[in-house]
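Please look through the model below before reading on. The paragraphs that follow take up a loop, then the strands, then the core.

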Amino acid sequence: MNRLFLMFALLALPLFAVACGSDSDGGSDGGDKPGHITLKMFDNYFKPNEVTVKAGTKVTFDLPNVGILPHNLHIASERGIYRESPWMTEIVNGGKETSLEWDVPATAGKYLFRCDVHEVEMTGTITVE
Ligand SMILES: [Cu+2]
């Protein structure tokens with residue numbers, strides 16, 4: 001698991017550097033846009049680390065990495081299992097930003113999320129209601 005993950009990280013970083021050449025998505029200063037939720041990625045925590053969304057909607061998590069270390073967002077499956085969940089971003093370096101469009105499940109409940117690089121301490125919870 002860890003070795004696979006390291007490989008992923010090493011592969012993803014150069015790709016990301018290229019993809020980031022043109023940052024045409026515009027800034028995300030100020031309040032969140034409709035349907036957008038900003039989760040700032042610090043070293044090593046999310047702020048906020050608890051959010052609430054409506055079941056069956058679509059939300060976009062905007063994920064600026066305002067730290068120095070690399071981070072990502074990975075939402076666990078409904079069963080709370082990360083490795084079976086496709087809901088994850090690439091790992092981004094400090095000062096970069098990524099985002100994740102999430103089709104919120106129709107099932108209300110708590111969904112765990114984490115940064116895969118710092119899976120112990122960098123965690124949070126999405127409440128679907
Ligand atoms: Cu992290």
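Proline 48 sits in the loop between β3 and β4 (50-53). Strands here are DSSP runs of E with at least two residues, helices are runs of H or I with at least four residues, and both are numbered from the N terminus. The model is a predicted one, in which local features need pLDDT of at least 70 and side-chain atom pairs count only at pLDDT 80 or more, while totals for chains, interfaces and linings use all residues. Residue numbers start from 1 along each chain as its sequence is written.

The peptide bond between lysine 47 and proline 48 is cis, with omega about -5°. Another cis peptide bond links aspartate 43 to asparagine 44, also with omega about -5°. Asparagine 44 belongs to the loop between β2 (40-42) and β3 (45-47). Most peptide bonds are trans.

Three strands make up an open sheet of mixed pairing, in the order β1-β5-β7; two strands pair if DSSP finds at least two bridges between them.

β5 and β7 run antiparallel and are joined by seven bridges. Valine 59 is opposite tryptophan 102 in β7. Proline 64 is part of strand β5 (residues 58-64). Proline 64 counts as buried because it has 21 C-beta neighbours inside 10 Å; the cut-off for buried is 20 or more other C-beta atoms within 10 Å, for exposed 12 or fewer, with partly exposed in between, and C-beta atoms are placed from the backbone. Its C-alpha atom is 8.8 Å from that of valine 92, 28 residues apart along the chain.

The largest nonpolar core has 14 residues, of which Leu39, Leu63, Leu73, Ile75 and Phe113 touch the most other members. Such a core is a set of buried Ala, Val, Leu, Ile, Met, Phe, Trp, Tyr and Cys residues joined through C-beta atoms within 7 Å. β5 and β8 (109-114) are the elements that give two or more residues to this core. Beyond its neighbours within four places in sequence, phenylalanine 113 is in contact (C-beta atoms, placed from the backbone, within 7 Å) with residues including Leu73, Ile75, Thr123 and Ile126.

Terms used:
Contact = placed C-beta atoms within 7 Å.
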